[in-house]
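The tour goes stop by stop, with something to select at each.

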Amino acid sequence: VPGPDGWRHQRYWICSFSNNQHKVKEELGSTWSQSSFYLALLSPQRRGSCLMVDEAALPLTRSWCLFEIAQTVELEKSL
């Protein structure tokens, strides 16, 4: 968003903060297309995705993280 106050209109999805980690099953919905992360990716305000990786690249060993990366790439193709 251009202008000096453009930063005020930026939104970031932080999965570990946005999903109740004690009720993940409920947060995910009954299908992957109902998951809160996928729905956030579909948001018209989305501008990209960010993955935090540690020295061991542990997020890349988690199927859910790989799903998020794959969906980000697929959605980018449709833009």
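**Stop 1: E76**

Select E76. This is a predicted model, and E76 sits in its helix α4. Is E76 buried, partly exposed or exposed? The relative accessibility of E76 is 37%, so E76 counts as partly exposed. H9 and E76 are 67 residues apart along the chain. Draw a distance between their C-alpha atoms, and the value is 21 Å.

**Stop 2**

Select E74 and K77 and show their side chains. The two meet in a salt bridge, at 3.1 Å from N to O. Why is the spacing of E74 and K77 about one helical turn? The two are three residues apart in helix α4, which means that about one helical turn separates them. Colour the pair by accessibility. E74 has a relative accessible area of 44% and is partly exposed. K77, at 60%, is exposed. How many salt bridges does a search of the whole structure find? The search finds one.

**Stop 3: the whole chain**

Zoom out. The protein has four helices and zero strands. Follow the cartoon from the N terminus, and the elements run α-α-α-α. Taken along the principal axes, the C-alpha atoms fill a box of roughly 40 × 30 × 30 Å. Now colour by burial. Of the 79 residues in the protein, 19% are buried.

**Stop 4: the aromatic residues**

Select W32, Y38, W64 and F67. These four form one aromatic cluster. Across the whole structure, a search gives three aromatic pairs. Take W32 with F67. Their ring centres lie 5.6 Å apart, with the planes at 70 degrees. An angle over 60 degrees counts as edge-to-face, so the W32–F67 pair is edge-to-face. Where do the two partners lie? W32 is in the loop between α2 and α3, whereas F67 is in helix α4. The pair therefore ties together parts that are 35 residues apart in sequence. Check the accessibility of each partner. W32 is partly exposed at 45% relative accessibility. F67 is buried at 17%.

**Stop 5: F37**

Select F37, in helix α3. Is F37 buried or exposed? With 10% relative accessibility, F37 counts as buried. S18 and F37 are 19 residues apart in sequence. Their C-alpha atoms are 8.8 Å apart in space. Keep F37 on screen for the next stop.

**Stop 6: the largest pocket**

Turn on a surface or pocket display. The largest pocket has a volume of about 1,200 Å³. It is lined by 33 residues, and those closest to its centre are W13, I14, C15, F37 and C50. Which elements give two or more residues to the lining? They are α1 (15–18), α2 (24–28), α3 (36–41) and α4 (63–77). Select α4 in particular. This helix gives the most to the lining, with five residues. Next, colour the lining by residue class. The residues divide into 17 nonpolar, ten polar and six charged.

**Stop 7: the cysteines**

Show the cysteine sulfurs. How many disulfides are there, with a cut-off of 2.5 Å between sulfur atoms? The count comes to zero. Select C50, which is in no disulfide. Its nearest cysteine sulfur belongs to C65, 12 Å away. Compare the accessibility of the two. C50 is exposed, at 68% relative accessibility. C65 is buried, at 15%.

**Stop 8: A57**

A57 is in the loop between α3 and α4. Inspect the backbone torsions here. Most residues other than glycine have a negative phi.

How values were computed
Residues numbered from 1 in each chain as written. Predicted model: local features only at pLDDT ≥ 70, side-chain atom pairs only at ≥ 80, totals over all residues. Heavy atoms only, no water. Disulfide = S-S within 2.5 Å. Buried < 20%, exposed > 50% of the residue type's maximum accessible area, 1.4 Å probe, protein only. 1 Å grid on protein atoms, 1.4 Å probe; cavity = no way out; pocket = protein on both sides within 12 Å on 5 of 7 lines; lining within 4 Å. Points joined across faces, edges and corners; volume = space filled by probe spheres on them. Nonpolar A, V, L, I, M, F, W, Y, C, P; charged D, E, K, R; others polar. Phe/Tyr/Trp six-rings, centres within 6.5 Å; stacked < 30°, edge-to-face > 60°. Salt bridge = Lys/Arg side-chain N within 4 Å of Asp/Glu carboxyl O.
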